[in-house]
Amino acid sequence: MELALPILAMLAAWWISTGAILVLGERSAPARRAAMVFVSLLALAALAGTWLLRDVGGLWGAYAGAACALALWAWHEMSFLFGYITGPVRTAWPENATGWPRFKAAAGTLIHHEVALAATVALLGVMSLGAGNATCFYTFALLFGLRLSSKLNLFCGAPHFTDSFLPGRLAYLHSYFSQKPAGLFFVATTTAITVLAAALLWGAATAETPFAAASLALLGALAALGAIEHLFLALPLPDAALWRWLLPARDPRRTPDL
């Protein structure tokens with residue numbers, strides 16, 4: 001039961017936050033701007049909380065640290081899906097581009113987003129130097145690694161993927177996804193994430209303090225979710241059904257609300 005609670009908490013936070021961001025992404029431009037202002041204030045509070053939690057242990061410290069990371073991650077996700085921080089390339093993949101030109105074009109669609117994420121990882125790392133509670137840093141860094149792996153797998157090729165959640169303003173990203181049998185890179189990354197999840201959960205089960213157990217369990221649950229999301233890229237599973245019922249039906253004739 002001690003491990004079940006943080007695992008269930010991470011699962012609930014993942015499902016609720018993802019659904020909320022997808023729903024907000026379908027709202028009008030004024031509604032998205034208002035949501036962005038709110039989550040920006042929340043992100044600033046999360047940064048302050050990360051510093052204040054440096055030496056806070058126990059269950060409270062672990063959960064609060066993970067919550068700060070999720071708040072910061074939500075800011076980055078919303079800024080990308082809302083079209084505020086993406087990249088200089090906002091057009092479909094030129095079909096005659098292959099190899100390095102194709103990779104360069106794909107990277108250009110989201111490089112500003114990736115740099116912002118990397119900068120946040122670095123900032124949290126500096127803030128967590130010498131801290132007794134670095135749960136926020138570890139959680140955000142793990143999210144960054146999992147998302148980077150997913151993006152690279154979508155670029156390199158995956159048998160199945162769900163791109164129906166991309167809003168109209170980012171429709172050009174569809175052209176950069178590659179649908180083909182899973183290769184060595186997919187096998188290697190998915191295996192590594194699965195092993196990491198197992199190691200973290202084992203560490204949680206054998207931890208000597210409640211803080212370490214909760215922190216490792218939260219991270220292990222997150223890594224396990226990452227492994228499952230990777231499997232969704234290889235197996236014809238209806239993962240989209242988890243959130244599609246929350247979203248309004250799209251009219252293909254409607255001009256995307258930028």
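Met10, Leu72 and Phe140 touch the most other members of the largest nonpolar core, which has 35 residues. A nonpolar core is a set of buried Ala, Val, Leu, Ile, Met, Phe, Trp, Tyr and Cys residues joined through side-chain atoms within 4.5 Å; buried means under 20% relative accessible area, exposed over 50%, partly exposed in between (1.4 Å probe, protein chains only). The model is predicted: local features need pLDDT of at least 70, side-chain atom pairs count only at pLDDT 80 or more, and totals for chains, interfaces and linings use all residues. Numbering runs from 1 along each chain as its sequence is written, and side-chain values use heavy atoms, without hydrogens and water.

The elements below each give two or more residues to the 35-residue core. Helices (H or I, at least four residues) are DSSP runs, numbered from the N terminus.

| Helix | Residues |
|---|---|
| H1 | 4-25 |
| H7 | 184-205 |
| H8 | 210-232 |

H2, H3, H5 and H6 also belong to this list. H8 gives the most, with nine residues. Another core, of 18 residues, lies apart from this one and includes Ala35, Phe82, Phe155 and Tyr176.

Leaving aside neighbours within four places in sequence, Phe140 is in contact (heavy atoms within 4.5 Å) with residues including Leu72, Trp73, Leu117 and Leu124. Leu117 and Leu124 are among the buried residues of H5, and the buried residues of H5 pack against H2, H3 (58-81) and H6 (135-156).

Valine 37, in helix H2 (residues 29-52), is exposed, with a relative accessible area of 52%.
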